[in-house]
Amino acid sequence: MYSEIFGGYDSNSELSVQFSEDSDTVIAKGIQFYSMCEHHMLPFFGKVHIAYSPNGRVFGISKMVRLVEKYSKRLQIQERMTRSIANEMQAQGVRGVAVLVEAEHLCMKMRGVRNDARMATSVFRGIYESREEKEAVVAMIRRPAEDI
């Protein structure tokens, strides 16, 4: 059981698997994850949305899921997980990457303040650091799938 929950320490995102293709923006929405809060040893879980602007090469879609699993399946905090996903994508030479994470934290629901609030974190790199691009990519991520 522990090797499954904490398998991210030994996993490879396999982002090196890429295909010669270009696109303005590629978005993987609603990647489900489960993680463990490193402060309280209680689960947190939610969805990750990744948008990136390729630089002549695109990733296999399953590789973004593997990337999320690499960082979520370990003792973690949401802020670091969000940043780590963005940093690894950026290191692959993309023109820009945006990572948004929405999660529920049992360490907040079960103890302490006992509140159902959800937490959202985001990181923008490269072309998505400009206000105009940031707003455009967040709007695309927020748009329901049936409207695309």
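**Pockets and strands**

Tutor: Start with the largest pocket, which holds about 220 Å³ of space. Keep in mind that the model is predicted.

Student: Which element gives the largest share of the lining of the largest pocket?

Tutor: Two or more lining residues come from each of α1 (2–5), β2 and α2 (61–72). Gln32, Phe33, Tyr34, Ser35 and Met36 are among the lining residues. The largest share is 5 residues, and the element that gives it is β2.

Student: Which residue in β3 stands opposite Gln32?

Tutor: Strand β2 (residues 26–37) runs antiparallel to strand β3 (residues 43–53), with 9 bridges joining them. Gln32 also lines the largest pocket. Its opposite residue in β3 is Lys47.

Student: In which sense do β2 and β5 pair?

Tutor: Strand β5 covers residues 75–76. Met36 stands opposite Leu75 there. Over 2 bridges, the sense of the β2 and β5 pairing is parallel.

Student: Is Met41 buried, partly exposed or exposed?

Tutor: Met41 sits in the loop between β2 and β3. Its phi is positive, near 55°. Most residues other than glycine have a negative phi. Buried needs under 20% relative accessible area and exposed needs over 50%, so at 45% Met41 counts as partly exposed.

Student: How much space lies in the second largest pocket?

Tutor: Its 13 lining residues include Cys37, His40, His105, Cys107 and Met119, the closest to its centre. By class, the lining has 6 nonpolar, 5 polar and 2 charged residues. The space in the second largest pocket is about 180 Å³.

Conventions. Residues are numbered from 1 along each chain as its sequence is written. This is a predicted model: local features need pLDDT of at least 70, side-chain atom pairs count only at pLDDT 80 or more; totals for chains, interfaces and linings use all residues. Side-chain values use heavy atoms; hydrogens and water are left out. Two strands pair if DSSP finds at least two bridges between them. Helices (H or I, at least four residues) and strands (E, at least two) are DSSP runs, numbered from the N terminus. Buried means under 20% relative accessible area, exposed over 50%, partly exposed in between (1.4 Å probe, protein chains only). On a 1 Å grid over the protein atoms alone, a cavity is a set of points where a 1.4 Å probe fits but cannot get out, and a pocket is an open set with protein on both sides within 12 Å along at least five of seven lines; lining residues have an atom within 4 Å of a point. Grid points are joined across faces, edges and corners, and a volume is the space filled by probe spheres set on the points. Ala, Val, Leu, Ile, Met, Phe, Trp, Tyr, Cys and Pro count as nonpolar, Asp, Glu, Lys and Arg as charged, and the others, Gly among them, as polar.
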